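Subject: Structure for you to look at

Dear colleague,

I am handing over the structure that we spoke about, and I would be glad if you could read these notes with the model open beside them.

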Amino acid sequence: QVQLVESGGGLVQPGGSLRLSCAASGINFSNYAMGWYRQAPGKERELAATITSDGTRNYAGSVKGRFTISRDNAMNTVYLQMNSLKPEDAGDYYCNAQISLGIRLYNYWGQGTQVTVSS
């Protein structure tokens, strides 16, 4: 059974930092592309950052230079370091694991962790 468990969300003041973690189980973690997506109230889920199995990173323009995604394959964990947080960064953050095997795409989601940016 695949499980992605996020942690590290919370309340932070504008300009502050948070580090999100996502612990994966039930998958061969090192083979998966991992990502963080976020969803603000009343808005669609959007990509924040991804990291491929070989470590290539991709960021949404709105977070580039402020967020850093990383992975620890030994710990089966992906992280999102978020600095200089803005009120518009608030929302639910979801961990994603994805792999293509032949013609099939396997896509898994965590339950989400909430980030609130407010003074």
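Below are some notes on the fold, the disulfide and one tyrosine.

Please keep in mind that this is a predicted model, in which local features need pLDDT of at least 70 and side-chain atom pairs count only at pLDDT 80 or more, while totals for chains, interfaces and linings use all residues. Residues are numbered from 1 along each chain as its sequence is written, and side-chain values use heavy atoms, with hydrogens and water left out.

To begin with the fold, the protein has eleven strands and zero helices, where helices (H or I, at least four residues) and strands (E, at least two) are DSSP runs numbered from the N terminus. The C-alpha trace spans about 45 × 25 × 25 Å along its principal axes. For 119 residues, a compact globule would have a radius of gyration near 14 Å, and the protein agrees with this because its own value is 14 Å; the radius is taken over C-alpha atoms, and the globule rule is 2.2 Å times the number of residues to the power 0.38. Of the 119 residues, 39% count as buried, a word that stands for under 20% relative accessible area, with exposed meaning over 50% and partly exposed in between (1.4 Å probe, protein chains only). Among the contacts (heavy atoms within 4.5 Å) with a separation of 6 or more, 54% come from residues 24 or more positions apart.

The next point is the disulfide, defined as a pair of cysteine sulfur atoms within 2.5 Å. By this rule there is one, and it joins Cys-22 to Cys-95 with an S to S distance of 2.1 Å. Cys-22 lies in strand β3 (residues 18-25) and Cys-95 in strand β9 (residues 91-101), so the pair ties together parts that are 73 residues apart in sequence. The torsion about the S-S bond of Cys-22 and Cys-95 is about -80°, so the disulfide is left-handed. Both Cys-22 and Cys-95 are buried.

Finally, please look at Tyr-32, which is placed in the loop between β3 and β4 (33-39). Tyr-32 counts as buried because its relative accessible area is 9%. Leaving aside neighbours within four places in sequence, Tyr-32 is in contact with several residues, including Ile-27, Arg-71, Ile-99 and Tyr-108. Tyr-32 and Tyr-108 are 76 residues apart in sequence, and their C-alpha atoms are 10 Å apart in space.
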